[in-house]
Amino acid sequence: MSVTIQDHSAEVSAEIKAALLRGLEKIGLVAEGYAKKLCPVDTGNLRNSITHMIDEQEPAAIIGTNNEYAAYVELGTGIYAEGGGGRPTPWVYQDAKGNWHYTRGNKAQPFLKPAAADHVGQYRDILESELKNG
């Protein structure tokens, strides 16, 4: 009687990693879609800048934007700033047309955090499906 032991752990590990990355890519696309649906729209610039990436080292799906005013929309400004860190006093500013405006800030209109946090069960299901069927 002869027993031969073969080590396929490298292949199994590679398949698990590939399934995980496929799942994260699907999650990134779905989360990006939710963020775009939740994003307030004026010109469409902010919504169009929302994207996702996969960090293979973490591993994680990351949604976000490089838009310069995205944080102000997501977190609010002035007296409405999330966590109370905004400017406590009102201020005035002049727009591009030369008109003056008085403000105490803008209320937060979250679109990234809810896109990630409100669908955790769905994201888990996507990962489980990829790992089982991938």
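Here are legends for a few close-up views of this predicted model.

Local features are given only where pLDDT is at least 70 and side-chain atom pairs only at pLDDT 80 or more, while totals for chains, interfaces and linings use all residues. Residues are numbered from 1 along each chain as its sequence is written, and side-chain values use heavy atoms, with hydrogens and water left out.

**View 1. The largest pocket, with a volume of about 230 Å³.**
A pocket here is an open set of points on a 1 Å grid over the protein atoms alone, where a 1.4 Å probe fits and protein lies on both sides within 12 Å along at least five of seven lines; lining residues have an atom within 4 Å of a point. The volume is the space filled by probe spheres set on the points, which are joined across faces, edges and corners. Count 15 residues in the lining, with P40, L46, Y69, V73 and Q109 nearest the centre. Helix 2 (45–49) and helix 3 (70–75) each supply at least two lining residues, and helix 2 has the largest share, at three. Helices (H or I, at least four residues) and strands (E, at least two) are DSSP runs, numbered from the N terminus.

**View 2. Y69, in the loop between strand 2 and helix 3.**
Y69 counts as partly exposed because its relative accessibility is 32% (buried is under 20% relative accessible area, exposed over 50%, partly exposed in between, with a 1.4 Å probe and protein chains only). Skipping neighbours within four places in sequence, Y69 is in contact (heavy atoms within 4.5 Å) with T43, N45 and L46. Y69 and L46 sit 23 residues apart in sequence, yet 8.1 Å apart in space, C-alpha to C-alpha.

**View 3. The largest nonpolar core, with 16 residues.**
Such a core is a set of buried Ala, Val, Leu, Ile, Met, Phe, Trp, Tyr and Cys residues joined through side-chain atoms within 4.5 Å. A35, L46, I63 and F111 have the most contacts inside this core. Helix 1 (9–38) gives the most to this core, with five residues. Beyond its neighbours within four places in sequence, I63 is in contact with several residues, including A31, A35 and L112.

**View 4. T77, in the loop between helix 3 and strand 3 (91–94).**
T77 counts as buried because its relative accessibility is 17%. A polar atom of the T77 side chain lies 2.8 Å from the backbone nitrogen of N106.

**View 5. A cis peptide bond between E58 and P59.**
Omega is about -25° for this bond. P59 is in the loop between strand 1 (51–55) and strand 2 (60–64).

Methods: A polar contact is a pair of N or O atoms within 3.5 Å; within protein, one must be able to donate a hydrogen and the other to accept it, and residues adjacent in sequence count only if both atoms are side-chain atoms.
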